[in-house]
Amino acid sequence: MHNYPWKSAGICIFAPHHDEVDRFCAFVKDVFASDGIDTIVMIIRYNYLFESHPECRGDYPLSKEDIRKMVAVCRDCGINLIPDMNLLGHQTVQGYVDPDGLLRSHPEFSETPISEAPEYSYSLCPNAPGLFELLCDLMDEIADAFEATDFHVGIDEVFYIGMCDRCKGQDPGDLLAGWLNRLHKHLADKGITMWMWGDR
């Protein structure tokens with residue numbers, strides 16, 4: 001086991017596909033645990049078998065049983081498994097133009113018209129009616145599956161904000177701060193600590 005000079009050792013990874021869950025669990029036990037990893041941020045995106053909004057499921061949805069199996073192995077190894085959903089930017093799978101689960105089924109929530117391919121990736125519109133409530137449903141399902149005490153909301157590389165007809169004229173900083181505060185309050189009310197990336 002490594003003797004790291006810091007208090008915690010973590011890694012960020014994409015969620016495995018359904019048929020890779022057992023392999024992931026073995027890797028946690030054989031490599032991560034022995035290497036001193038105590039925190040895993042798992043980018044789940046929309047790859048979950050959502051019941052509240054099944055139309056938002058990604059291309060490789062995991063079941064609650066899949067996630068509970070990973071959570072149990074991580075817990076046994078002293079590792080905190082934290083779900084990560086991109087809840088503003090990164091609404092396009094890296095390397096693809098087509099939007100991910102949510103905007104694929106609800107293009108009305110996009111900051112950028114879906115008919116216009118973005119230079120980077122689509123973003124959600126923080127002022128879109130009904131978006132926040134739908135995301136709360138999705139977050140709650142993910143948090144329950146992960147038995148989460150911490151939840152990562154992404155927020156990195158938001159290149160499109162304050163641009164659509166709903167947001168024009170509003171300060172992008174105010175839009176971002178307002179969105180973050182809403183996410184934070186929802187999670188804090190459930191006793192969950194919010195994580196986010198620190199760039200942009």
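Asp 22 counts as exposed, at 51% relative accessibility (exposed means over 50% relative accessible area, buried under 20%, and partly exposed in between, with a 1.4 Å probe and protein chains only). The model is predicted: local features need pLDDT of at least 70, side-chain atom pairs count only at pLDDT 80 or more, and totals for chains, interfaces and linings use all residues. Residues are numbered from 1 along each chain as its sequence is written, and side-chain values use heavy atoms, with hydrogens and water left out.

The side chain of Asp 22 forms a salt bridge with that of Lys 69, at 3.0 Å from N to O. This pair links distant parts of the chain, 47 residues apart: Asp 22 is in helix α1 and Lys 69 in helix α2 (residues 64-76). Lys 69 is partly exposed, with a relative accessible area of 39%. A salt bridge is a side-chain nitrogen of Lys or Arg within 4 Å of a carboxyl oxygen of Asp or Glu. By this rule the count is nine. Helices (H or I, at least four residues) and strands (E, at least two) are DSSP runs, numbered from the N terminus.

Arg 104 and Asp 59 form another salt bridge, with the closest N and O atoms 3.0 Å apart. Arg 104 lies in helix α3 (residues 101-105) and Asp 59 in the loop between β2 and α2, so the pair ties together parts that are 45 residues apart in sequence. A network of salt bridges links Lys 64, Arg 68, Arg 75, Asp 144 and Glu 147. Glu 147 sits in the loop between α4 (131-146) and β4 (150-152). Its phi is positive, near 50°. Most residues other than glycine have a negative phi.

Asp 84 belongs to strand β3 (residues 80-84). Asp 84 is buried yet has no salt bridge; Arg 45, the nearest side chain of opposite charge, is 7.5 Å away. Here Lys and Arg count as positive and Asp and Glu as negative, while His and the chain ends are not counted. The side chain of Asp 84 does make a polar contact with the side chain of His 152, at 3.2 Å (a pair of N or O atoms within 3.5 Å; within protein, one must be able to donate a hydrogen and the other to accept it, and residues adjacent in sequence count only if both atoms are side-chain atoms).

Strands β1 (residues 10-14) and β2 (residues 39-43) pair in the parallel sense over five bridges. Pairing requires that DSSP finds at least two bridges between two strands. Phe 14 has Ile 43 as its bridge partner in β2.
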